[in-house]
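Subject: Structure handover

Hello,

I am passing on the structure we discussed, followed by my notes on it. Please read the notes with the coordinates open.

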Amino acid sequence: VLTLDIALQSTVEDILAQYVARRPEEDRAPMAAAVVDMSGGVLALASYPSYDMTTFWDDYNDLVSDTELTPLVNRATQGRYAPGSTFKMLTSIAALDTGTITVNERVPCNGRYTFYSDAMSQPWCWLRSGHGLENVSRAITDSCDIFYYDVGRRTTIAKITEYAQKFGLGEYTGIEIPEVKGHVAGPETSAAYNQPWYDGDTMYAAIGQGMNEFTPLQLANYVATLV
């Protein structure tokens, strides 16, 4: 039995098209994807640009030859994207569950992370003036990079990877349509792409950067699980 809500599906498809059209021309990426999954089942799953099923075979040659917009690619299950700060909640859970931090522990954010002596390995927080002392709840609210640079380093990339896999990130979801796996940033992923892995890379992995790449469906499942 399909879990799709056809009215919601239609609405989501319309929203994606409107979103792309609203973006400034110079900043426009004419592609988008969305997944709604809050009940253990996919309620809506859409990719833009799409195509008209009623004229699919008539339009097939044009669809296949469109290598710029690739409308036949379902970006909701076949697109891989950096999760960015949505990943910080995962880092929080890994750190709390392993006892790396407590809910009340506070980490100072002065705007720049200076654990490493090399200036090139001292990244800034997005708020250069700093957030002050941050516990995990405030760090999530403020999306404080310095908190997660420090907590991610202490938690270790091995544990972050373990918890990411537990939440299905970088793993097949089992949905019964074509999907890609994606990957979690770490030494094994870097080695697979013939890239070196440095200790400092853990900082960027902890905030959802680096080689973290997941599908929108994986991220929707991850957030639904948290909720």
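How many helices and strands does the secondary structure of the protein chain come to? The count is ten helices and four strands. Bear in mind that this is a predicted model.

Overall layout

Along the sequence, the order of elements is α-β-β-α-α-α-β-β-α-α-α-α-α-α. Taken along the principal axes, the C-alpha atoms fill a box of roughly 60 × 35 × 35 Å. The protein chain has 227 residues, and 40% of them count as buried. Among contacts in the protein chain with a separation of 6 or more, 66% come from residues 24 or more positions apart.

Helix 4 and helix 7

I looked at one helix pair in detail. Helix 4 covers residues 88-97 and helix 7 covers residues 157-166. Their axes come within 9 Å and cross at roughly 115 degrees. Angles of 65 to 115 degrees count as roughly perpendicular, and helix 4 and helix 7 are therefore roughly perpendicular to each other. The crossing of helix 4 past helix 7 is right-handed.

Which residues make the contact? Helix 4 contributes Leu90, Thr91, Ile93, Ala94 and Asp97, while helix 7 contributes Lys159, Ile160, Tyr163 and Ala164. By residue class, this contact of helix 4 with helix 7 divides into six nonpolar, one polar and two charged.

Ser92

Ser92 also sits in helix 4. Is Ser92 buried or exposed? Its relative accessibility is 3%, and buried means under 20%, so Ser92 counts as buried. Not counting residues up to four places away in sequence, Ser92 touches Val136, Ile140 and Tyr148.

Asn135

Where is Asn135 placed? Asn135 is in the loop between strand 4 (132-134) and helix 5 (136-142). Asn135 and Asn104 are 31 residues apart in sequence, yet C-alpha to C-alpha they are 5.8 Å apart in space. Asn104 is also one of the residues in contact with Asn135 once neighbours within four places in sequence are left aside.

Regards

Notes:
Residues are numbered from 1 along each chain as its sequence is written. This is a predicted model: local features need pLDDT of at least 70, side-chain atom pairs count only at pLDDT 80 or more; totals for chains, interfaces and linings use all residues. Side-chain values use heavy atoms; hydrogens and water are left out. Axes are lines fitted to C-alpha atoms, for helices over the stretch in contact, and angles run from 0 to 180 degrees between N-to-C directions. Helices (H or I, at least four residues) and strands (E, at least two) are DSSP runs, numbered from the N terminus. Angles under 35 degrees count as roughly parallel, over 145 as roughly antiparallel, 65 to 115 as roughly perpendicular and the rest as oblique. A crossing is left-handed if the near helix is turned anticlockwise from the far one by less than a right angle, and right-handed if clockwise. Contact means heavy atoms within 4.5 Å. Ala, Val, Leu, Ile, Met, Phe, Trp, Tyr, Cys and Pro count as nonpolar, Asp, Glu, Lys and Arg as charged, and the others, Gly among them, as polar. Buried means under 20% relative accessible area, exposed over 50%, partly exposed in between (1.4 Å probe, protein chains only).
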